[in-house]
Amino acid sequence: MSLPSILIQLLNGLASASSLFLVSAGLSLIFGVTRIVNFAHGSLYMLGLYGAYSLIEALGRTPLGFWSAVILAALVVGLVGVAIEVLVLRRIYRAPELFQLLATFAVVLVIKDVALFAWGPEDLVGPRAPGFGSVEILGKRIPAYDLLLIAIGPVVLGVMRLLLKRTRWGALVRAATQDREMVGALGVDQARLFTSVFFVGAVLAGLGGALQIPREPANLDLDLAVIADAFVVTVVGGLGSLGGAFLAAILIALAKAFCIGIGTVHLFGTEIVFSKLTLVVEFVIMGVVLVLRPYGLRGKKPATPRTSGEIAPALTSPRWQVAACWMVLFLVVPLLGDRYVVVLLTDIACFALFAASLHFIMGPAGMVSFGHAAYFGLGAYAAALLFKRAGLPMEAALLLAPFCAGLFAVVYGWFCVRLSGVYLAMLTLAFAQISWSIVFQWDSFTDGSNGIVGIWPSAWLSDKSVYYYMTLALCGIGIVFLWRVLFSPFGYVLRAGRDSPLRAEALGIDVRSFQWAAFVLAGMLAGLAGAAFAFSKGSISPSSVSIGQSTDGLVMVLLGGVETLTGPVVGAALFTWLRDELARDTQSWRAVLGLVILLIVLLFPQGLVGGLKALIGRWREARA
Amino acid sequence: MSAVLQVEGLHKDFGGVRAVVDVSFAVDAGELLALIGPNGAGKSTCFNMLNGQLAPDSGIARLGGRDILGMSPRAIWKLGVGRTFQITATFASLSVRENVQMALYSHAGKLGSLLQRFGAAFTVEADALLDQVGMLEQATRLCGVLAYGDLKRVELAMALANQPRLLLMDEPTAGMAPRERVALMELVARLARARQIAVLFTEHDMDVVFSQADRIVVLDRGRLIAGGKPDEVKANVNVRDVYLGGMA
């Protein structure tokens, strides 16, 4: 490792930092004004890249063609942002915040399939920026385009600052970021303000993507990868702070550059491959920053809203008739159906427990997790590793796995319960990503990206139907246990802590400890779900720890409805079945799934079960 | 009679602003002490130091021989201090009875159970408390749908659940209709005298203060400028200056 090679990595890192800053600035701006965490922001970045690629093809690889293409792409993405706001989000501003999150996630699915349809599954490598050669620094050649990118970051920061400080629009944005209710009360047209903010935020994301076309190929995995990075940057910088986002983007780019630059180091006889840490390092930084400065480097403690928002309804336990119907359905259907149905129902049982455990901390305890797959996946891996590496019997591995997942939840949870709201959600995502990278990169132990194969259940469980009934029993017990706990003093404390932490503390209740315990309990049961899932498939791959798996869980819970107990189970069943059906029948199952989710969000803003309950209530009133 | 709460030399600066300067007072058992003063006088700062939300720069607040300054709200509650908030804080998704039961469970140290059903215990005790504050008829309603004045009563019932020696009430009647205000404070006075609870409260409504408080202390710009029985305070020249400015 030499100084010039570090310098190269440094400049390379800074060039990426500019784009990352643009996306994060857009995300931060939108969150500040509308309080929406736009999951689709990474998708907008991806569209920027694809759009720039096609427009350059159309306009020609000349300097004029290139730059018009980049700017046009950004503007088109801006219009996509406007469409998302007007067609979807505007209709659900009054719905709980989590529903808006679900809607933006549905948009992610739709955009992914639209991109697949329009541009195909292959990576598209864009042209080099015409008119840009390379510059020699310390004997190394560096693309001049990178230097331009490095300059663009601060320029955009300056322009945005000017816009926010000097224009009426900027004043409104700043005011709304500080106190949205007051701005509304002063008679500002919120719909127009929100649309304009979405436009600007989306343009920034599109521009960030388009500018990268000479440096990275357009591909379909960018959406979730970029959104994870952008989350980290906005949270490290402090939500709503542009300067903070800039600082964080640079900090993270530098840290990554150094990890690549340092490469492999021998320390105390062990080999540390620093370049492998690039996937983890940003999340480690985020973890450290959030623990030291809970609102990010430049963020401020958010003002407490004047009203507590919508009041969570009281929980009611599912009626025994309903529960009995479900049980009969789960018990009898496999007898009638074929092997395929049994496999599907096994999946549903596992995901129902996974979703119920996520609901447990999200709904009653009020801690939204974007990274619940960590415990599902780590449970699955723990089972696989105990079985294959430690040579334990399958039954022992299955039952010990939840405790391994729980152990991780003890550590991760300790940090997470110190935060709340979006910051908490982001930190859970960070821990999930750290887990994912470790699983993904530790080839010698976890078999890396291939995953672990050959983890089959014992002989007495080898029949799919028998394994199904075992899974049903385990997951059923898990779900009923969680329901039971929610009506215990412990469960009531969680709800009390969510409703009013101030009052809970004034009654001598240590809210944080209870939340921590809830976190661990949920982690253990998610781990059980993961372990049962692993043995049902015979193999396990890093995707079980991925962001995709976490968002699946979120969608299941929100689809069913956060405020009901049966909601997560219904959501899990519907989501798993729908995904399976659609994946068999159509190429673009994601888009269809996304549209179905959007439809449900727009029609039933309280989730399916919540919506049905409301409908039944209205029907009863009408009859009475 | 010895004081339940003895505050001495309480002091707090915010940056260069001296919010509370050398404030001392005491509250006796069964006594209602009103802490009054114009906006910005330092009432809330005083309160927040006594209830554990804010760390003081210096001073002592003795409660039964122990200095409670700098303790967490949780620890202070465990020493027998009940609180009501300026903006009511109750558990909105729980029923009125469950809110009070939560306080009772916590007092009894029975919140850790995973499998018992919440609400099976302490129903009688909860209903007795609700009866005292006149909220028994609404015991099964959710706190989230209650009228503001009723929430204040629920808060009072919760504050009484750990059989407190001291009640800290920050603006207990803020947001209530005038007639309700006097009724609530009469209720507090009755309970305080019957159970020998010391009550420290802040209040803007002078009718409530002068009709219900046993003693009054007056803050102005962080300093204690007067104290005594309502009649004495009414006659005090300093107090007239503060409230009426140059007009007096």
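A word on terms: two residues are in contact if their C-beta atoms, placed from the backbone, lie within 7 Å. This is a predicted model, in which local features need pLDDT of at least 70 and side-chain atom pairs count only at pLDDT 80 or more, while totals for chains, interfaces and linings use all residues. Residues are numbered from 1 along each chain as its sequence is written, and chains are lettered from A and ligands numbered from 1 in the order in which they are written.

Start with the two chains. Chain A puts 26 residues into the contact, and chain B puts in 29 residues. On the chain A side, α18 (464-486), α19 (489-499) and α20 (501-506) each give at least two residues. Helices and strands here are DSSP runs, H or I of at least four residues for helices and E of at least two for strands, numbered from the N terminus. The largest share of that side is from α19(A), with 8 residues. By type, the side of chain A that touches chain B has 15 nonpolar, 5 polar and 6 charged residues. Nonpolar covers Ala, Val, Leu, Ile, Met, Phe, Trp, Tyr, Cys and Pro; charged covers Asp, Glu, Lys and Arg; the others, Gly among them, are polar.

Next, inside chain A. Domain 1 is 3-128 + 146-292, and domain 2 is 320-416 + 436-491 + 519-623; these bounds come from an automatic or database domain assignment. Taken over C-alpha atoms, the two domain centres of chain A are 31 Å apart. Between them, 24 residues of domain 1 of chain A are in contact with 21 residues of domain 2 of chain A. Which helix supplies the largest share of the domain 1 side? That is α4(A), with 13 residues. The domain 1 side divides into 19 nonpolar, 1 polar and 4 charged residues.

Chain B also has two assigned domains, domain 1 (1-80 + 164-248) and domain 2 (90-163). Their centres, over C-alpha atoms, are separated by 26 Å. Here 13 residues of domain 1 of chain B are in contact with 10 residues of domain 2 of chain B. Helix α6 (residues 178-195) of chain B gives the largest share of the domain 1 side, 5 residues.

Last, the helix. Among the buried residues of α23(A) are A:Gly567, A:Val570 and A:Phe575, buried meaning 20 or more other C-beta atoms within 10 Å of the residue's own. The buried residues of α23(A) pack against α13 (339-362), α18, α22 (547-560) and α25 (607-623) of chain A.

Technical notes:
A residue is buried if 20 or more other C-beta atoms lie within 10 Å of its own, exposed if 12 or fewer, and partly exposed in between; C-beta atoms are placed from the backbone.
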